Amino acid sequence: MRRFLVAAVFAFVILAMLAPPGFAQAPAPKVTISGLFDQITSMGRNTYDGNLTRNSDKEWYARTRFRPDIEFAVGRVKAVLGLELDFQYGQSGPNDGGFPGNTSGSACGAGAGTLGGNAGATPPGGKVNISGCLDLNTDVAGLIEVKWIYTEFPLTGRDSLLPFIPVETMARAGGQPFGTLDQYKLAQYANGDFAGISAITTFAPNIKTNLTYVILEDELAGSNRGNPSLKLSRGEDYAWIFSTDITPIKGLDLKPPVLLLPRRRPDIRKCQA
């Protein structure tokens, strides 16, 4: 009996080793949520309008920021959705901001800026980093900002869209951060976020290239027809950014200056529209 069990186990192991790759288990989907919750407050007096002889400009300001990043991943393919909410404590303009029924196009219902020196000048409004105001009952609608919305996937290399190209390239498509596509820490040409496509190719553990296609303004077909003086096209504007990461020795990282090729087609119809 013991000899039979040993033979059966041995046969099972052999069959498992010879099983085709199709029987391999697919990677399990995974959802990860990360980000930050930020609370800040600041106060000041006679520092906001640039006029030290007038000391009526004063404030004590506070706001809450929530920046969740939601990542949906299956193997090396992932989709990322980054959201942002910025709310000031207390109403500082004619409305809360947001919708319905209380939209003015600016944060907290007033244009941001400083008080001018002339009578009748526009008073200061909401802060530039505020989406809305939390007044009594704190009901503010429609103020979720989409910061990132992109897909990351292997473009070349093993298990990629183009597996016949031996080097590995990880690509992103959609609204994404510039990150280190331009420089490591101090961005020379690009910072913040953009819409477009980026690709990081690894030729060796110490040599990588970064290629970025930035779409700034897009001209649609419907904007090209009709009376030229009535067209609303903003033109076709984009830029290419290329950089290289080189690590000749451990601890020494080099990133040669990027090659920036912006393209902008002037369109006088913008002033006419």
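A residue counts as buried at under 20% relative accessible area, as exposed at over 50%, and as partly exposed in between, with a 1.4 Å probe and protein chains only.

## Model and numbering

This is a predicted model, in which local features need pLDDT of at least 70, side-chain atom pairs count only at pLDDT 80 or more, and totals for chains, interfaces and linings use all residues. Numbering starts from 1 along each chain as its sequence is written, and side-chain values use heavy atoms, with hydrogens and water left out.

## Fold and surface

Of the 273 residues, 29% are buried. Among contacts (heavy atoms within 4.5 Å) with a separation of 6 or more, 52% join residues 24 or more positions apart. The chain has an accessible surface of about 18300 Å² (Shrake-Rupley method, 1.4 Å probe), and carbon and sulfur atoms account for 63% of that surface.

## Second largest pocket

A pocket is an open set of points on a 1 Å grid where a 1.4 Å probe fits, with protein on both sides within 12 Å along at least five of seven lines; lining residues have an atom within 4 Å of a point. The second largest pocket holds about 190 Å³. Two or more lining residues come from each of β6 (168-177) and β7 (193-204). The largest share is that of β6, with five residues.

The lining includes Glu152, Met170, Arg172, Phe178 and Ile200. By class, the lining has six nonpolar, four polar and two charged residues, with Gly counted as polar.

Technical notes
Points joined across faces, edges and corners; volume = space filled by probe spheres on them. Helix = DSSP H or I, 4+ residues; strand = E, 2+ residues; numbered from the N terminus.
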